[in-house]
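Subject: A structure for you to look at

Hi there,

Here is the structure I promised to pass on to you. Please open it beside this email and follow along as you read.

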Number of protein chains: 2
Amino acid sequence: MKTLIIYAHPEPKSLNASLKNLAVATLESAGHDVLVSDLYAMNWKAAVDAADFGPAASSPLQVPRDSGRAFDSGTLTPDVRAEQQKLLWADTIIFQFPLWWYSMPAILKGWVDRVFTYHFAYGVGEHSATKYGERFGEGTLAGRRAMLSVTAGGPESHYSERGINGPIDDLLFPIQHGILYYPGLEVLPPFVLYGTDRMTDEEFPDVAKAWTHRLLTLDSTAPIAFRRQNFGDYEIPSLQLKDGLEPTGRTGFGLHVR
Amino acid sequence: MKTLIIYAHPEPKSLNASLKNLAVATLESAGHDVLVSDLYAMNWKAAVDAADFGPAASSPLQVPRDSGRAFDSGTLTPDVRAEQQKLLWADTIIFQFPLWWYSMPAILKGWVDRVFTYHFAYGVGEHSATKYGERFGEGTLAGRRAMLSVTAGGPESHYSERGINGPIDDLLFPIQHGILYYPGLEVLPPFVLYGTDRMTDEEFPDVAKAWTHRLLTLDSTAPIAFRRQNFGDYEIPSLQLKDGLEPTGRTGFGLHVR
């Protein structure tokens, strides 16, 4: 495997750092190639602005169009082009981050906002009577796999089916489906650690064992069965799920899993 | 009213800028006080790091604990303290931003990550047999109201109950419930514009009319009826919704609306 780890935590002695370091060591020991984008160490620029697009930036700035022009003409900034190249190099992409306010840290959202440009991650493929662009199952990153590895401060029950935070699968849906599956990545079930605010060093060996097991079984792990956009499940162009396809009682985000 | 507008778009001639400008003009004309945090113009720092906490930063850095110590001792950076003061000044907070990758732009997530510190927005109140801290209906910002004003590039059908992106209410739940309701804000139904990728100048007058109407009726708009945490709906400390409280067939995030 060629694995790219996108890592977002400011503290090199944090639990997130330990999980990232363990992933590198485990995968390399198993003979795989690993690259890490350590966003804090890279001082990653988080905010999209005109400077991202070089001479392709128009005035007034139009983020989607201008990012696509910059992508097409090769005038995206070197930091963004390097991340796009890493994504194309990899067959497996792991995201390691703490769940802050039920989503990713800003620095990682800024990696998505800036690297996932028009014509690279969206605005790909043609629109027709049977196709609404190449996305959700097709796209630039099709054939690659992604997985979230996430730490959550609160206990697991708060993220359960009836838990006050909402179910973890739903909280992660905008990321797993909306960000990762959109440009074609197959998404493996996430590795989620709960209660990390109160986790002690004594608990780390069990965590490490579980994480190592996930890492060494990536190849045989089935991805989440998100529905593909252009293969008959959705009306086009309304992109509403066709009647009768949902399992009984399934609503909301769950409709989009086969 | 005292309204704080948190605005996140890089282009002063964008649709988001027009909506922000219209909100300022409309509210001021109606006799209200308005403050704007224009995050791009402020060059807002998005990434949480040790520099945020001054002498309260420990090594290794512990983001929740250290942010709380910095809050308690008044050593948060001036930019963060200023935003906390604006929040305490306001009775109404409007967030104006484009939906990028089904969430907020990184610069706005960085406003949340840095301003919503421990002891200010979380880690507030005591834990007991009947109370799990002051949050979700209680907290520092209780008694204030918030509203999202969001532009979405895709058409409304894609965000509908069966739409491929997932229902807009669910996509916004991690923000409206997890970020805004958590520290005590009441959340008004969002103002969402769809299809903005293809919107023409000719459509703006109708948009402006709808937005003006929402702005002038904020006082009489009922908030989303999210369930309060500490008032009998949830088991404590598991924070699972008690059996039988859900409307028939309601699952997922929808469980947490009365």
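This is a predicted model: local features need pLDDT of at least 70, side-chain atom pairs count only at pLDDT 80 or more; totals for chains, interfaces and linings use all residues.

**How the two chains meet**

How many residues of chain B are in contact with chain A? There are 54 of them, and they touch 54 residues of chain A. On the side of chain B that touches chain A, α4 (106–115) and α5 (168–181) each supply at least two residues. Sorted by class, the residues on that side are 29 nonpolar, 17 polar and eight charged.

Which part of the surface do the copies use? Of the interface residues of chain B, 100% are also interface residues in chain A, so the copies meet through the same surface.

**How the copies are related**

**Two pairs of helices**

Two packed helices are described by the angle between their axes and the distance between the axes.

Take chain B to begin with. The axes of α3(B), residues 78–89, and α4(B) come within 10 Å and cross at roughly 90 degrees. Angles of 65 to 115 degrees count as roughly perpendicular, and α3(B) and α4(B) are therefore roughly perpendicular to each other. On the α3(B) side the contact is made by V80(B), E83(B) and Q84(B), while α4(B) brings W111(B), R114(B) and V115(B). That contact has three nonpolar, one polar and two charged residues.

Now turn to chain A. Helices α1(A), residues 15–29, and α6(A), residues 204–216, have axes that come within 10 Å and cross at roughly 45 degrees. The pair is therefore oblique, and α1(A) passes α6(A) in a right-handed crossing. Among the residues of α1(A) that take part are L19(A), L22(A) and L27(A), and those of α6(A) include F204(A), W211(A) and L215(A). By class, this contact has nine nonpolar, three polar and no charged residues.

Most residues other than glycine have a negative phi, and most peptide bonds are trans.

In chain B, the bond from I236(B) to P237(B) is cis with omega near 10 degrees, and P237(B) lies in the segment after α6 (204–216) of that chain.

Y102(B) has a positive phi, near 65 degrees. You can find Y102(B) in the loop between β3 (92–98) and α4 of chain B. Is Y102(B) buried or exposed? With 21 other C-beta atoms within 10 Å, Y102(B) is buried, since 20 or more count as buried.

F136(B) also has a positive phi, near 50 degrees, and lies in the loop between α4 and β4 (145–151) of chain B. F136(B) is buried, with 25 other C-beta atoms within 10 Å.

Enjoy exploring!

Best wishes

Technical notes. Residues are numbered from 1 along each chain as its sequence is written. Chains are lettered from A and ligands numbered from 1 in the order in which they are written. Two residues are in contact if their C-beta atoms, placed from the backbone, lie within 7 Å. Helices (H or I, at least four residues) and strands (E, at least two) are DSSP runs, numbered from the N terminus. Ala, Val, Leu, Ile, Met, Phe, Trp, Tyr, Cys and Pro count as nonpolar, Asp, Glu, Lys and Arg as charged, and the others, Gly among them, as polar. Axes are lines fitted to C-alpha atoms, for helices over the stretch in contact, and angles run from 0 to 180 degrees between N-to-C directions. Angles under 35 degrees count as roughly parallel, over 145 as roughly antiparallel, 65 to 115 as roughly perpendicular and the rest as oblique. A crossing is left-handed if the near helix is turned anticlockwise from the far one by less than a right angle, and right-handed if clockwise. A residue is buried if 20 or more other C-beta atoms lie within 10 Å of its own, exposed if 12 or fewer, and partly exposed in between; C-beta atoms are placed from the backbone.
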